[in-house]
Amino acid sequence: MSFTPDSALDLLFPAELISLEVKKALHSDLHIRPLASTDYRRGHLPVLSVLTVVSDPGEAAWVQQFHAQRACPRTYYSIVVIDKASDRIVGVGTVLIERKFLRGLGSVGHIEDIAVDKQQQGKKIGLRIIHALTYISELNGCYKTILNCSNDNIPFYEKCGYEKKENEMAKYAPDRSHTPKL
Ligand SMILES: CC(C)(COP(=O)(O)OP(=O)(O)OC[C@H]1O[C@@H](n2cnc3c(N)ncnc32)[C@H](O)[C@@H]1OP(=O)(O)O)[C@@H](O)C(=O)NCCC(=O)NCCS
């Protein structure tokens, strides 16, 4: 498949929110942009599967999730890195903007689901994704950007300018079917 420019895509959020500095720093074989409604076909889920278990809901359900995210303006920012030669996704990441009542109605950016295709790891793609997401978080006025990670990935996030703070707690629901009861 040949490279699809941003202008031919239905994007999750405006492409202008991608840092120009990050775009300039990215290798010329690659492109960074917001998630597009057709990215299921560019290997979005296979890239995410380097991170954790990913079950494939099928394209229609994937597209429905895309639209559910876009229906929450200025909240979900998922970005992808594309290998131009194949028009396939090689890296993904998301920042979620949380609007708080404290800190004078401040906002916090939560970075989630960072993954780089195994063949493409170690080429600064992860670093570019983190910088692009941090830029979007700060554009939204977030006073901090935070994320959870394994001990193994601490050095990676330190290279991205992050520092270790506090701990993560988790409680997994006993019913793992994920079907909302609301
Ligand atoms: C972690 C991950 C996102 C890093 O992306 P990447 O593109 O391979 O990393 P980069 O090339 O951008 O690395 C940037 C710097 O961090 C270093 N780095 C990356 N991962 C590292 C690790 N696990 N331990 C130590 N250093 C690491 C790199 O060597 C590089 O250092 P340099 O600037 O001195 O050369 C990627 O390896 C990945 O997808 N892993 C599997 C999924 C995962 O763990 N995601 C994170 C969930 S919190």
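1. The largest nonpolar core has 31 residues, of which Ile79, Val80, Val81, Ile129, Ala132 and Leu133 touch the most other members. Strand E2 (76–83), strand E3 (88–99), strand E4 and helix H5 are the elements that give two or more residues to this core. A nonpolar core here is a set of buried Ala, Val, Leu, Ile, Met, Phe, Trp, Tyr and Cys residues joined through C-beta atoms within 7 Å. A residue is called buried if 20 or more other C-beta atoms lie within 10 Å of its own, exposed if 12 or fewer, and partly exposed in between, with C-beta atoms placed from the backbone. In soluble globular proteins, nonpolar side chains tend to be buried together.

2. Please keep in mind that this is a predicted model, in which local features need pLDDT of at least 70 and side-chain atom pairs count only at pLDDT 80 or more, while totals for chains, interfaces and linings use all residues. Residues are numbered from 1 along each chain as its sequence is written.

3. Helix H5 has 15 residues and reaches 21 Å from its first C-alpha to its last, close to the 21 Å expected at 1.5 Å a residue, where the expected span is 1.5 Å times one less than the number of residues. Helices (H or I, at least four residues) and strands (E, at least two) are DSSP runs, numbered from the N terminus. Among the buried residues of H5 are Ile125, Gly126, Ile129, Ala132 and Leu133. Ala132 touches Ile18, Ser19, Val22, Ile32 and Ile79, not counting residues up to four places away in sequence; a contact means that two C-beta atoms, placed from the backbone, lie within 7 Å. Just after H5, Gly141 takes a positive phi of about 85°.

4. The ligand is surrounded by 18 residues, and the closest are Gln121, Gly126, Leu127, Pro155 and Phe156; a residue counts as near if its C-beta atom, placed from the backbone, lies within 6 Å. Strand E4 (107–116), helix H5 (125–139) and helix H6 (154–159) are the elements that give two or more residues to this shell. By class, the shell has ten nonpolar, four polar and four charged residues.

5. Arg103, in helix H4 (residues 102–105), has a phi near 50°, and Arg103 is exposed, with 10 other C-beta atoms within 10 Å. Asp113, in strand E4, has a phi near 55°, and with 16 C-beta neighbours inside 10 Å Asp113 counts as partly exposed.

6. Ser37 sits in the loop between strand E1 (30–34) and helix H2 (44–48), and counts as partly exposed because it has 14 C-beta neighbours inside 10 Å. Ser37 touches Asp10, Val63 and Phe66, not counting residues up to four places away in sequence.

7. According to UniProt, in an unreviewed entry, the feature "domain: N-acetyltransferase" covers residues 30–182; such annotations may be inferred rather than shown by experiment. Over residues 30–182 the chain is 27% helix and 26% strand, and the end C-alpha atoms are 41 Å apart.

Technical notes. Nonpolar A, V, L, I, M, F, W, Y, C, P; charged D, E, K, R; others polar.
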